[in-house]
Amino acid sequence: DALDIKISSLEKDVELLRQGTINNFNILVFGNSYSYRSAAQGDANLLRLLDSVGVNSFLCVVGNGGASFQSNYTKYTNNEKNSYRWEGDAITGVVDKASEPMTYIEALMYKPWDYIIFHQASKYSGNLESFTPYLQDLIDAAKIYCDNENVKFGLMQTWAYADINGAYPTTSTTEPIYNNQEDMYNAICAT
């Protein structure tokens, strides 16, 4: 067991949604451009899905292009601002790039987050060793700086992408080697 991370189940919150006990979520996503695409773009984005079941939500995606847990951790320890930030809510359905990027700590203190979701860079998602110690360290920091002692943590699973224009590394000592999309998919599922 390489990681001592407990990722929250949504089962209890889904039941509270059904009962009408919960009607608002604040969600922070740390990751990269794929995090934004998954959480905030398109017809099936997270805000629209929550709105469709009557949950008003606020979403903030903070990250850097191609960012891994390691690079996000480095930005956190150096107190560097992330490259971008998108915000939106279910009422307007708008997710816009915000004017001011934030540091990891500023983002954690921005709202009393109900969920903090982490997203690994796609090329590392099938390599469990790339998660340690960075993901646990980011979660530990979130527990310190988030103003909600009941915050829940999640992991956004990435997808296996096709090898378009040589996206897969062919030789590397630092990156996982995938031979094809199915190989990448199997590695991600095994992680």
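**Close-up 1. F118 and its contacts in the predicted model.** Leaving aside neighbours within four places in sequence, F118 is in contact with F30, F69, Y104, L135, L138, I139, F153, G154, L155 and M156. Contact means heavy atoms within 4.5 Å. This is a predicted model, in which local features need pLDDT of at least 70, side-chain atom pairs count only at pLDDT 80 or more, and totals for chains, interfaces and linings use all residues. Residues are numbered from 1 along each chain as its sequence is written, and side-chain values use heavy atoms, with hydrogens and water left out.

**Close-up 2. The largest nonpolar core.** A nonpolar core is a set of buried Ala, Val, Leu, Ile, Met, Phe, Trp, Tyr and Cys residues joined through side-chain atoms within 4.5 Å. Buried means under 20% relative accessible area, exposed means over 50%, and partly exposed lies in between (1.4 Å probe, protein chains only). The largest core holds 25 residues. L28, F30, Y104, W113, I116 and F118 touch the most other members. At least two residues each come from β1, β2, α4, α5 (104-110), β5 and α6. The largest share is from α6, with six residues. Apart from this core lies another, of 16 residues, including I22, F25, L50 and I117. Helices (H or I, at least four residues) and strands (E, at least two) are DSSP runs, numbered from the N terminus.

**Close-up 3. F30 in strand β1.** The strand spans residues 24-31. F30 has 2% relative accessibility, so F30 counts as buried. Beyond four places in sequence, F30 contacts S35, V62, N82, Y104, A107, L108, I116, I117, F118 and H119.

**Close-up 4. A67 between β2 and α4.** A67 sits in the loop that joins β2 (56-63) to α4 (69-77). A67 is buried because its relative accessibility is 2%. Residues up to four places away in sequence are not counted here; A67 touches G31, N32, N72, H119, Q120 and A121. From A67 to F30 the C-alpha distance is 9.2 Å, across 37 residues of sequence.

**Close-up 5. The side chain of Q120.** Q120 belongs to the loop between β5 (115-118) and α6 (134-145). Its relative accessible area is 2%, so Q120 is buried. The Q120 side chain reaches the backbone nitrogen of F69 at 2.7 Å. With the side chain of S130, the Q120 side chain makes a polar contact at 2.9 Å. A polar contact is a pair of N or O atoms within 3.5 Å; within protein, one must be able to donate a hydrogen and the other to accept it, and residues adjacent in sequence count only if both atoms are side-chain atoms. Not counting residues up to four places away in sequence, Q120 touches N32, A67, S68, F69, S125, S130 and F131.

Close-up 6. C146 has a relative accessible area of 9%, so C146 is buried. C189 is partly exposed, at 41% relative accessibility. A disulfide is a pair of cysteine sulfur atoms within 2.5 Å. By this rule the count is zero.

**Close-up 7. Confidence along the chain.** pLDDT is the predictor's confidence in each residue, from 0 to 100. The protein averages 78, and 76% of the residues score at least 70. Confidence is lowest in strand β4 (residues 95-97), with a mean of 61, and highest in α6, at 95. Over residues 1-8 the pLDDT is below 50; this stretch has 14 contacts in the model beyond near neighbours in sequence. Where pLDDT is low, the predicted coordinates should not be read in detail.
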